[in-house]
Structures are given as C-alpha cells and as structure tokens.
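Student: I have a model open on my screen and would like to talk it through. Could you help me read it?

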Amino acid sequence: MSDAEAKKPTIKKRKSALGERYVGNRGVWVFVEHEHGRVHPVSWELMGKGRQLADKLETQLAAVVIGGMEPQVRALCDEAAQFGADLSYLMQDAVLLHYRSQPYTKGLSDLVEKFRPEVLLLGATTLGRDLAGAAATTLMTGLTADCTSLDIDTSDRSLLSTRPTFGGTLMATIVNVATRPQMATVRPRVFPLPERDSTRTGRIVEHPLGLAEEDVVTKVIDFIPDARSDQPQLAFADFVVAGGRGLSRPESFQMLFDLAKVLGAEVGATRAAVHANWVDPSRQVGQSGKTVRPKLYIAAGISGAIQHRVGMEGSDVIIAINTDEKSTIMDFSNYALIGSAAELVPALTEAFRKRIAAARARQEAVT
Amino acid sequence: MHIVVCVKQVPDSAQIRVHPVTNRIMRQGVPAIINPFDLFALEEALRIKDRTGARVTVISMGPPAAEAALKKCVSFGADEAILLTDMAFAGADTLATTFVLMSAVRQIAKAHPVDIVFTGKQTIDGDTAQVGPGMAIRLGWQLLTYVSKIRSIDTDTKQIVIERRAEGGVQVLESRLPCVITLLEGGNEMRFADMAGMFRAARYDVPHWGVAGAGIEDTSQAGMKGSPTAVAQVFAPKPKEVRTLVIAGNTPQAKAEALLDRMFADLPKLERSLLDHLDALGARQ
C-alpha cells in the first residue's frame, strides 16, 4: 500500500469537533524503543515517516527517550537527531532501567500532558503495544494499531491511519477527530529505514519521572534472553521463501526449507499454513504475523490474500509459484512460474544451486 | 479467588472470502467463533480453578447472538457467563470497549471481589491488543501482558510471579493482585467440554446486562459516543502497478532456469547481493 493510495479525496469524518483543550497541540512525536542498550530499528523507521508527517504539518519532529541513568540513554537523543528529530524529550531515572508498564506509562503520559503533541507514534512491538494501550487509556485518546500507512489531511491537521480490517480483506482509514495526541502503532519493517545524517543535531528537553521505586508495584526479578538461533529472524531477512495452503501437504514445506538452505533464506508462511499446523506460528507473514522487506520473496502456493500481502509487499522482488495464472498474487508479483509447486520448488532449488556453484567457480577462476 | 475472563465472539477470519469480481467481503455463512487467543486465557483460568477452587466468570460485550460463545465457555467449566449487550455499546472502539468491560468487572466485584482479569493477547478480527492494557489502566490494577507462564499465585500475600514475552527474551515479573493478564498463545490447550458441562451450558440462562445491569450511569463513555476514533473510509486495496512476467518453459527445470537467467539479467545487483549474503553466512559459520 503506497502512501498515495491512502490519501483519498472521499474521506468522511464525523462532525464532532476537536476538543478545545487540544487546539494548541503541536508536534509529531516518535517513542524511541530501546532495551538492554539496543534501539529497536522500528523507532528509526518511524522517525523517517514522522519527518514526512511533521513537514506536512509544518511542525517539529520530536523523539521521546525514556530510560535508566546510563549515558547510552542520553546518547540516543543525538542518534534520533541524525535520523531526523528536531528535538528530544529525555526522561532518565533508575526506576526506568527496565521496561515496566506502570512507570513507563506514567513517564510518557506526563510528557504528553506537559508538552502536548498532536501525533504520537510507537512501534507495534510487545513493548510498544503494552505502552501505547496503557498510555492512550491514561490520556483518554484514540489509538490505531498496526497501521500500514500514515498520512496527514492538511485541511484539519488530522492523521490518516490506514490498516487492514475484516481479517485483512479490506483496508480502513481511521481518524481521531476529538482528542489529541492522535496515536498510532506501526509494525517493524513497514516503513523503510531513513538515511542517517551524522551532521544533524537536535536540542534536548529533560523532564523528571517523579516516581520512587517504592511506588512501583511490579518488580523485574529475572530476564532470560532468547537464544539467537531459536527464533527465526524473519522480519530482517534479505531472502525469504514462503508457502501457503496451495502446497496442499505439510511435507511440502520441507521443499521450502531445502530451497531456503541453498539461499541462506528464512522460511515464512501464510496464516492458513500456520493454522493448519504445518509450521510454527513464529513464521507467519502478514497482518497477524510479521512484516518482511526482503530483497527477494519467493511465494509458493500463496494466493495473495490481503492479510498476507500487507506483510510482504514491501519486498524488492517477488516470485510467485502458483498453479493458477489468475491468482491474486499475480497482481503484485514481478515473476511467475505457473505449475505445481511440488515440481517447481525442487527445480528452482536445483537451478539456484547450479547458478551459485557456477558463480563460485568464476570467482575462483579470477582469484 | 475470583477470575474474570474477557472473551470476544469473532468471525472465523480464515473463512472470510472476497468476491472475485465485486471485491466485496462475503460474510454470509462465515461461522462465529470464540476469539482463539481468548481460549488460552479461559483455559488458564480453568486450570487455576482446578487447582485452587477459584471462581471463574466470563464476560463478553457484543450482540445478543454472542450468547452462544458464552454458553460454550460455561460448557468448558466457567461458573458464570454474562453478556454485555445494549445499543448504547454499539460502534465502540477499544477505549469505549474497556469502559464497558471495566464497569462490568466493578459490578461483578460487588458480589464477589475480583483478583485477576484474564484475556487473550489480542483478537483475530481487530488485532489491536489494546483492551487488556486499557482495562488495567481503567481499573487502576497492575498490567501484565504477553504472559507465557504463571509461576505462582499466593492468595494470602496477593503476590503473583509470571513470565512474559518481552523484546529479545522472557521477563520474569513479581507483581501484586488484583491485576490484568493478557495471555500469550500456545501455553496450554483448551480442554473438551464434558457431558456435565454441556448439560449445564444447555440449561444455563446467560444474563444480559445493558447500561443499567453493568452499573453505567454516564453513557457518554460507551459505544460510538465514547470512541475517539472513527473509520473514515473502507476500501479494497488497488492492485500494485506491477507487470508480472510469466516465465514459460517445457519442463519445471526449464522454467526454473529461464527464470533465473531472466531475473538476474534484469537485476544483476540481486545476484550480487545473494552471493554476498551467502559469503557472509559462510564466514559466520
């Protein structure tokens, strides 16, 4: 879904007006998510989109950096500026060392009440969804989850948040008429990472949390990091091989794993394939799974339902393998092989294997 | 102990089809099911009931037809199930939904104080994951989302220890009742209803609570009136402007080879990226 498509002339809005106390709200904010010293890339992806929205609104783009007392937390403000922020709101307190709902919700809500932005964006990660839901309720404002495109209606400064609806069969544009900030979450990899400009700088506005550890009910007693190899790194893979119900049999997925091995790719699946228990839910690509933006996406036995499409249409190149030349996936695939996946996938695996071996042989001949 | 489980009746979205010509959704004949994520929450509550004799009450906001979902919950073993249904609740976004659910929990707590509200991590029709956090804030209770395991609950000290899915790992939290827990999928499997449960469900008269039943005095926070967000438009996505190149060939092998010849001729950079990617993978191993 391109941004241009989301901006339609036929947007209907309810006649309720913006509440008086929100009229002066200005600025686009992006919550910078970081845990254990690492920024989640979705924050910088949102900074890129936030820059476009702020420019359209002719307002400032601000980063919201909340965390413990370590110097790395303050350094995130400089990084945010390099990715496009004009300023950063910084809140540091030992209570904020690890993410917990209560202190983070208070911190973010207090910043919003004090500095009054009109748009607030967060990543739709486990942390972002927890915080966004709690903060929106605290602030009594609207929140639209998992948007696939964001735009501004400049006539009334409203945020047009577009997301799939009806189980991913249609798109809906959601507006928040009466309250501010207009909150939205966006999943990782929906927007591209913006260019980093290391010459950019921004000012920092500090604000205290004002909450003592004794006042926080929930305590972190342990953190067990994931073993790296356990979870597929699907969202960030450059090469993805995915299968759907058209594969007919669970065993057919083994062919995809063989192809994936040759390409060093991750294996993805449609919701139907996951519901049929053919593959692990962590491999699901689509609205209720992961969003991917690989250089190459090979879709075998996938019809191309919107639920799946929104999770993979940001791929640079899409190859469809399908028995049906009229299947919906042909609407957005670059190359298509028509025929049975059971025959074509092994043939493609072999063709890639030969091609890669040939390239290797050429390389060795040169060196 | 008293646990309230929030469930939602949803269309089985795996069975929704779009009309190939008109591009309209075809909702006829799509069965309504209990949101699959909520079943993990109900099962977890029932397991606590099995161990401790806790009371389990299920609530759902929806049209009168959602009564079927609640009867099903009773057949699985819920002690009580209440349907929150009123025209004033219609058209609610998540903020207005949590207002009605919170009001009902407070009303239920008058007879039997509530220790935990359980719900699924999200629904399959809205996918927002906002109702759990919203309820915790409205009730002023602790919020524990994406819980994968309940390690212990001590009803005397009101201490609860849980494991939850966080970015990059599992966070172990110690918290205090009352709390709102959203449950991650996969930690348990819904039991089958036994004969006694099915008989009980068949005879069970699901109470319908409207505005008055839920103890709501000010309806401006419920339904469409209480919803800050509104759908401005719904549309079918336009096909992307892509010309699909169908690769011909007499055999699968010929097609596959023709595809790679053509694609890498069109996109030499892609082949370079693939080889670099494989080199990097090889170097790491």
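Predicted model: local features only at pLDDT ≥ 70, side-chain atom pairs only at ≥ 80, totals over all residues.

Student: How many residues of the side of chain B that touches chain A are nonpolar?

Tutor: Start with the contact itself: 69 residues of chain B are in contact with 89 residues of chain A. On the chain B side, 17 are polar and 12 charged, and the nonpolar ones number 40.

Student: Which element of chain B do the buried residues of α9(A) pack against?

Tutor: Helix α9 of chain A has 26 residues and reaches 37 Å, close to the expected 38 Å. Its buried residues include A:Leu344, A:Leu348 and A:Phe352. Residues three or four places apart in an α-helix point the same way, because there are 3.6 residues a turn. Within chain A the buried residues pack against α6, β16, β17 and β18, and in chain B against α6 (252-266).

Student: What is the radius of gyration of chain A?

Tutor: Chain A has 9 helices and 18 strands. The globule rule gives 21 Å for 367 residues, and chain A comes close to that, so it is as compact as a globular protein of that length; its radius of gyration is 23 Å.

Methods:
Residues numbered from 1 in each chain as written. Chains lettered and ligands numbered in written order. Contact = placed C-beta atoms within 7 Å. Nonpolar A, V, L, I, M, F, W, Y, C, P; charged D, E, K, R; others polar. Helix = DSSP H or I, 4+ residues; strand = E, 2+ residues; numbered from the N terminus. Expected span 1.5 Å × (residues − 1). Buried ≥ 20, exposed ≤ 12 C-beta atoms within 10 Å, placed from the backbone. Rg over C-alpha atoms; globule rule 2.2 N^0.38 Å.
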